[in-house]
Amino acid sequence: MAKPSKAGPGPSTSASAPASTAGPNRPKGKVIPRTSDLLRRNESDKRKGKGKGKERDVLGGLMGMLDGKSMPGMVQVERFAETRAMEILAFQNAIKAAASFGNSRCFQSLPRHLRRRAASHNPRRVPKRMRSRAAAEIDPGDNIAKLHRKRAKLRAKGDLRGVSRTEQLLRRQKDKTWLPTHIWHAKRFRMINLWSHRLPLTPTLKSFRPAYRFARRKATITDVSYFGTIELEGGRDGLVDLLKRVYGGAFAGTKYESGGRVSRGWMYHPDRFPEGLIGEAEILWQPSSGPDPGRRVWIRLHPSIFSEVWDVLKLATRLQVDTSEQSSGSSSTGPVPFGGLQIRDLRSELDGFEITGPLAGKALRRVLRLCRSESGVKSKFFDALGSAQSSSEMPKGLVAGLKVYDPRLHFPPAPYSPDDAAQTAPDGILRTSVSLEPSADLALSDIWDSDTRDSVSKPRYKKSDLDLRRHRLGLPGTRLRAYAQDDRIPILLVQRSVRSGSAPNAHDADAEAFHGFTLIMPRGWSQYFLNSFAYAGCLVTALEERRAMYREAGRSCFPEHFGASCLAGLKWEEDKAREEERRWKRRPPGKRAEWDKLGTRWPFKPDWKAIISGCKSDAPDRDAPIDEEASINAAPALPSVSTTPTNSPWLLPDTFLPMLRPMSTTASPATQLVKAINAFRSQRALAPMPSSRAETIFDTAILHVRVEVLGRGSPGDMAEIHALDSEERGLWIDARKRDETVGKLTWDATAEPKTALQELGEITSASSSIIGWVITGNFSLSRGRGFGLAAVTLRGYIELLRVASGGPEDATGWAVVKVRNREGRVCRFARIEPV
């Protein structure tokens, strides 16, 4: 039996029934089709070829369906945006995701400091929030990742030839020495073979301005483990007599012999002072609480002069033995009167870092954890590291010996906070709020004991062992407690300052200086300390940033700035000139500077023989014929003490800088210079220099100076320094005054007329007026103008002081010159001051 059907939704078949009663209720007015249906119908009409303008008909029909009376009279934008906020945000995110998904990969969206040159196929190498996207970007059929993992396992165990990974790395160090942190630096820095080491040159990221900002506001760290250390052991009198013959600075007395301060000076060949310069050195005395017949001295040296100093010390020891035997009348088989000196090489036992910046002390306070056995003055010093506003507040040259825990126990350390940066002294003025004096108790450390260094040279626990201890704690982020069997590492902290000793005034010297610490530790802990310092917020720098810091401070950096005065600097100068000349020859003639047309006679290396009368350079003559048979059969050269004058350029020590202005007022400056040198030599029990060599000594002396451009331009490397006579000096000073009056002293790109200084600078200068060259120069970020470090002849500088004594009142005493870059034609007005 059929059931009666219910009324459906469609219209009724009865004609008499009204349309309004059939089906459910519908809204009044026209029915508005969906936009998607209209567009779909539009596409269908296009395919059928029903003519153009169909979009207009569709949209017109859509607008015609809308009734103006049903539209709202006004729209509240804020309320409408709040209602649709989620939809708008989702739409924006979808647009960003769609834009980045097709244009870049997951590895390209990482921060710049986390990117690598070759991205890994392992999704776990990216942060957790991006691993799903990285995994989706990998082709399922790509076997590269599996192949790389297989090769990585083989490299970890060794290669297919049975050579282990350790043997492979040692094979690559046959002709050079790697730093303990080499692998860490090789991934992030440009490396270079230098001084028989493989050293980081500069970071792959931009670092010129960031390194300067960190050194001024926070802290930087540089691995200086390539520096060598020589240990001298013997009687106190014997050590003092030995160092008097080869060291050119103050090193004896209670101030240094207590071990509380470090002595910084220069090493010379025996009995050759002030000639025969070798290089820069630091001397540390082992702390002694009482009279001890046996003392130890550490001499920290640059690697470029380590072998030379080693040979010189052996020679000086032999000479000292002969002198003592002759004075005592004993034979060579008897005991040595001054107590048998022993010389040891500690290059394979010590590492070091240079931490520079106002927050260097706070960084040390965060990374280091002082052992509980360290109390008294050491605990007070450690607390002062964190409370000091700047590392410049510490006494100059202070030495502190501490014993700290393994830095991995509390890794990672806390980074800098905004409060730390706000407490630093931005003006760089030296303050003395830390009432701490150097002492033997503070400097005492177990690092002087070779057995202690050997016992801690290899960490007792591996990283996996420490990770297992953390895992057993249960709570992530919990710091490990130091147990009795954990390593206690002896270290030395040495305060260091990079500053110019002759700035125009004391405030400028303090504002331009950089202060920090040198951290000396046993070999084997460099990488662990470096990781902690990097996590604490220190910027890791390399050789180029270190040189730039020295230039900004107005201090010469060894050996780059000592090309005319020592063998290490001469070799550096020759290598640099050879590389620049090779780079210049690779450029086509139309794209490189033509030195002949520019009037530059020495574009790559200074020629002191050309500007110093009677000067004989230490560099070999390349044009001289070589006797191959004589060079092969000749015996190896042994170091010896030569009293024959070489007439080669020598550097005036900073000890004699205060007497430069008095020398300019005397009729015979050469005689006064020799008297001062003989007075110094008499204090060291050295034979005086003959007065007949006074003029030769005065003519061959050179001086390191700082060059400050008074106007536009910046001095570059190998820029020529020309002397000014009294008439030309007056013209340059008057031109500078006119430029200051019209406001054209600073560079203005829109100013078409030439300044008075520029008009004078375009006048060609003769090569006979050259008194020196700029060693390194650039735009100074500290001063906001061109600045450089240069070397000039002592005679030329004295003549400048004499001319300046009768000049205008506002420039009285200024030693002014004109500087011309090797690739330029215009000379710049500049002022020079000794460094």
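This is a predicted model: local features need pLDDT of at least 70, side-chain atom pairs count only at pLDDT 80 or more; totals for chains, interfaces and linings use all residues.
1. Overall make-up. The protein has 835 residues, and 45% of them are buried. Its secondary structure comes to 31 helices and 21 strands.

2. Contacts. Residues 24 or more positions apart account for 75% of them.

3. Surface. The accessible surface comes to about 46,100 Å². Carbon and sulfur atoms hold 52% of that area.

4. Positive patch. Which residues form the positive surface patch? The members are R124, K128, R131, K146, R149 and K153. Helix α6, residues 144-157, gives the largest share, with 3 residues.

5. R124. This patch member sits in the loop between α4 (85-103) and α5 (131-137). Is R124 buried or exposed? Its relative accessibility is 65%, so R124 counts as exposed; the cut-off for that class is over 50%.

6. Helix α21. This helix spans residues 543-553 and is mostly covered. Of its 11 residues, 10 are buried.

7. After α21. What follows helix α21? The next residue is G554, with a positive phi near 75 degrees.

Key: Residues are numbered from 1 along each chain as its sequence is written. Side-chain values use heavy atoms; hydrogens and water are left out. Patches are made of residues with over 30% relative accessible area and no salt bridge: like charges are joined within 9 Å, nonpolar side chains (Val, Leu, Ile, Met, Phe, Trp, Tyr) within 5 Å. Accessible areas come from the Shrake-Rupley method with a 1.4 Å probe; for residues, only the protein chains shown count as cover. A salt bridge is a side-chain nitrogen of Lys or Arg within 4 Å of a carboxyl oxygen of Asp or Glu. Lys and Arg count as positive and Asp and Glu as negative; His and the chain ends are not counted. The place of a charge is taken as NZ of Lys, CZ of Arg, CG of Asp or CD of Glu. Helices (H or I, at least four residues) and strands (E, at least two) are DSSP runs, numbered from the N terminus. Buried means under 20% relative accessible area, exposed over 50%, partly exposed in between (1.4 Å probe, protein chains only). Contact means heavy atoms within 4.5 Å.
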